[in-house]
Amino acid sequence: MNEIVFLSGKGGTGKTSMSASCAFLQGDCITCDYDVEASNMHMLFKLRPQKVESISTGQLARIDLNQCVECRLCQNLCRFEAIEELIVKDLACEGCGLCFHICPVQAVSLVPRTVGDMFQSSGSIQAGHFHANIRAGSGNSGKVVSRLKDQARSFAAESGIQILISDGPPGIGCSVIASLTSASLVVIVTEPGLSAFDDLQRLWQLLCSRQVPAVIVINKWDLNPGYTELIEKWARENKLPLAGRIPFSEAIANSIAVADIPAANSALASLYEPVWQAIKIHASI
């Protein structure tokens, strides 16, 4: 199957509106939102989850005070200072298991760490949509992204759908790296500005190290044509193909403000259609 992952390096470049618009124009496809700490693609499609399951990654320590002899060995040796008055602080506990192994009376147990929920939905456009919400401070977002990807790909194999369009997270952290697994093409959505250009270059270094093919889309290009030319010059020098430009439009901003897909507006669809066609060529769809 072909998976196209939309990434940005930084937030606010228009990555979600771009990926949702491309999914709308494609029609029958599966969509996935890998931004598990702030998923919002499902809002644009106005989807309601049909299936919800809890996600557990890693472990948490628990101390049975009825069995504990209060030697405080666990509390004194915990390098994360996650135990206070023989009570485990969940946000500080890394689940390393040291307290479990050193407890002389086996009063410590390790339990699964529930970090959030994973959702499966379907709509008039997509055959299926997958996203997750993890709790603040939970961590392990890379593992959650991998779970989402496995679920989406399994569903694709069962339903015979050949195209997966994924809205990736910002940055270059572990969740971004996890989203690259088995990706056919990455679409880098950027904007003409110093911060976006800097983050674009860092993301490109990551993609080169992983040998993942990519194209670039410059959103709101006409807000700073000089910087747009600078980005395009850099892209040519680095052999990064340009899939197209999207101009700034108040209609796009207004669509997103009321949780609509920009390309659902026929006037806006003409802006996204040629970019999506260029992306499909590079993805060999």
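Reply: Gladly! Let us start with a helix: its expected span is 1.5 Å times one less than its number of residues. Please keep in mind that this is a predicted model.

Me: What makes the reach of α7 close to the expected one?

Reply: Helix α7, residues 194-210, has 17 residues, for which 24 Å is expected at 1.5 Å a residue. From its first C-alpha to its last, α7 reaches 25 Å, close to that value. Just after α7 comes Q211, with a positive phi of about 55°.

Me: Which residues of α7 are buried, and what do they pack against?

Reply: The buried ones are A196, F197, D199, L200, L203, W204, L206 and L207. They pack against strands β1 (2-7), β9 (185-190) and β10 (214-219), and against helices α6 (174-179) and α8 (225-237).

Me: Thank you. Why is α1 called largely enclosed?

Reply: Nine of the 12 residues of α1 are buried, so the rest of the structure largely encloses this helix. The buried residues are K15, T16, S17, M18, S19, A20, S21, C22 and A23. Helix α1 covers residues 15-26 and reaches 16 Å, close to the 16 Å expected. After α1 comes G27, whose phi is positive, near 90°.

Me: How do you know whether I216 is buried or exposed?

Reply: The term buried is used under 20% relative accessible area. I216 has 0% relative accessibility, so it counts as buried. This residue lies in strand β10. Leaving aside neighbours within four places in sequence, its contacts include I188, T190, L200, I231 and A235. Also among them are L240, P241, L242, A243 and G244.

Me: How far apart are I216 and F6 in sequence and in space?

Reply: They are 210 residues apart in sequence, and their C-alpha atoms are 9.7 Å apart in space.

Me: And what about S121, buried or exposed?

Reply: S121 has a relative accessible area of 2%, so it is buried. It lies in strand β6, residues 108-121. Beyond four places away in sequence, S121 touches L47, R48, P49, Q50, G128 and H129.

Me: How many disulfides does a search of the whole structure find?

Reply: The search finds zero. For C71, the nearest cysteine sulfur is that of C103, 6.1 Å away, and C71 is in no disulfide. A disulfide needs two cysteine sulfur atoms within 2.5 Å.

Me: Finally, what can you tell me about the whole chain?

Reply: The chain has 10 helices and 11 strands, and its C-alpha trace spans about 70 × 40 × 35 Å along its principal axes. Of its 285 residues, 49% count as buried. Its accessible surface comes to about 13,300 Å², with 51% belonging to carbon and sulfur atoms. Among contacts between residues at least 6 apart in sequence, 77% join residues at least 24 apart. The mean positions of the 23 positive and 27 negative charges are 3 Å apart.

Conventions
Residues numbered from 1 in each chain as written. Predicted model: local features only at pLDDT ≥ 70, side-chain atom pairs only at ≥ 80, totals over all residues. Heavy atoms only, no water. Helix = DSSP H or I, 4+ residues; strand = E, 2+ residues; numbered from the N terminus. Buried < 20%, exposed > 50% of the residue type's maximum accessible area, 1.4 Å probe, protein only. Contact = heavy atoms within 4.5 Å. Areas by Shrake-Rupley, 256 points an atom, 1.4 Å probe, with all protein chains shown as cover. Lys, Arg positive; Asp, Glu negative; His and termini not counted. Charge placed at Lys NZ, Arg CZ, Asp CG, Glu CD.
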